[in-house]
Amino acid sequence: MEWEDLENLRFEFDGEIIQLEDGQAVVSYGGASEDRYTLQNRVAQGDLNGDGYDDVVAHIVLATAGTGTFHLVVAVIDNGQGGEAQAPVRVGDRIVMDRIEVRDRTVEVVLFDREPDEPFTVISRRQMLEIDFADPEPAVAVIDSQPLESLPPPGPDLPEIDIRFDPGAIGAIEAGSIEFRQRQTYTVYISAGQWFTATLDAPLGVWLDVRLEDHVVASGTERFQHVQAELPATGPWKVTVVSAHAGAAEYKMAIEALPPGSEYPPATTPTETPDEVELPDQSLAPTSDGTAPVVYFTFDDGPHPVYTPQVLDVLAKYNARATFFVVGSLVETLPRTTQRIVDEGHTLANHTWNHENLAGLPREAFDETVGRTQAVLGSRATNCLRPPYGSLDAFTREWAAEHGLVVQTWDYSPEDWLQPPAAEIAQGLLDHARNGAILLLHDGGGPRTQTVLGLDMALQELTSRGFRFEPLCT
């Protein structure tokens, strides 16, 4: 058989006759509902029925409207006068195929899959399947299964990248793209006793690994996307982004290292406003009931030992109250900073235990991260949950409600975690300030000097316009 024959293969699947043309076929069910079949550039050859002719095994991906991405193995039997496609065998949904081979009249398929309770984006094991096409209904057997962490890396890691902080800075932002089973290592020189934080914004399946020789702060097998620790040794620490994500993934990582001995440094809120900033002079009429308009400031990813106190100082300066969506593991690490939030009239809400992406998270893991955070907040907790990255799936609101929580998103964020200039942060807040607007900023997860400056500038102007600043969750 020639490749052109496979590109125009005809076969039956789930009662439908599928005719490929140039390697693709689309079955439409009206509107946006359709099934798309695509021939992959992965085939195997060998005699499957002992007639002396080489048969062909093709790999086809079926993408359906919202229900899955299924991988099919199709045997095409060559009788010397052309090929006849057998019934396709479905080998997995949203998996990563490794190889297909013909051995002893059977087909051996090696693929990467997940445990039954895993999110679809997370790959956790390698399986070897054996498919016997001798029967009308091909028999599929699992002949080997290994956890992903027990396998050696597939090849050379990506070249290491040295992280250099700008003069006077204590952190940096890195971004990149990573494929399944790749490892991207960053090196950063940190001294013993420094507090280190790394926060990863990436899909589930992309994790952090932080270590210096035998000192392992976080292993990539532990599935952390947020790591904070006082480092025990001096040296070039390796911060590695590890991918067990099914497919290519974009990520951004914020890292910072506080000066030695500064677990609870004094809050030295910057107050200088750049000369070039021009804040508009606008007025706002009272609401229809005669009260002053209200804006709800919210802060994610804290508490932080440096920036949360700075944010609190700015809020106090303008008699502003806000809601802090806190990460449970950081609350446990920084109890005094957390209590200061409450003592100064602000409210606390749930932002998961370790900044997990809730979309696709199994129920058990959802209950663990949300419930554990509510427990550490105790009587200080409100009934609000903000999913990290604003990421939701079909179950998030329902499961949150069973914990007595309401999912709370936002109307606008200046994306301050990317560290735009303070003037840009302030301008965005002013442009989107309306009665009842929910504004999102960050007091944790990375360097927040520009956020603190921008907040100060925006609150000064909004105060002059007559706004009130109240907690969103009470």
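Mentor: Happy to! First, a definition: an axis here is a line fitted to C-alpha atoms, for a helix over the stretch in contact, and the angle between two axes runs from 0 to 180 degrees between N-to-C directions. Keep in mind too that this is a predicted model. Two packed helices are described by the angle between their axes and the distance between the axes.

Now find helix H2, residues 307-317, and helix H8, residues 449-464. They pack at an angle of about 5 degrees, and their axes are 10 Å apart. Angles under 35 degrees count as roughly parallel, so H2 is roughly parallel to H8.

Which residues of H2 and H8 meet? From H2 come Tyr307, Gln310, Val311, Val314, Leu315 and Lys317, and from H8 come Thr449, Val452, Leu455, Asp456 and Leu459. By type, the residues of this contact between H2 and H8 divide into seven nonpolar, two polar and two charged.

Rolling a probe the size of a water molecule over the atoms shows where empty space is left. The largest pocket has a volume of about 680 Å³. It is lined by 31 residues, and nearest its centre lie Glu222, Arg223, Phe224, Asn354 and Glu356. H5 gives the most, five residues.

Strands S17 (206-212) and S20 (235-243) each supply at least two lining residues, and S17 has the largest share, three residues.

Let's finish with strands that pair. S10, residues 106-113, and S11, residues 125-132, are antiparallel and share seven bridges; one place to look is valine 110, whose bridge partner in S11 is methionine 128. S11 also runs antiparallel to S12, residues 139-147, joined to it by eight bridges. Here, isoleucine 131 stands opposite valine 140 in S12. Follow the chain from S11 to S12 and you trace a hairpin, with six residues between the two strands.

Definitions and conventions: Residues numbered from 1 in each chain as written. Predicted model: local features only at pLDDT ≥ 70, side-chain atom pairs only at ≥ 80, totals over all residues. Heavy atoms only, no water. Helix = DSSP H or I, 4+ residues; strand = E, 2+ residues; numbered from the N terminus. Parallel < 35°, antiparallel > 145°, perpendicular 65-115°, else oblique. Contact = heavy atoms within 4.5 Å. Nonpolar A, V, L, I, M, F, W, Y, C, P; charged D, E, K, R; others polar. 1 Å grid on protein atoms, 1.4 Å probe; cavity = no way out; pocket = protein on both sides within 12 Å on 5 of 7 lines; lining within 4 Å. Points joined across faces, edges and corners; volume = space filled by probe spheres on them. Pairing = 2+ DSSP bridges.
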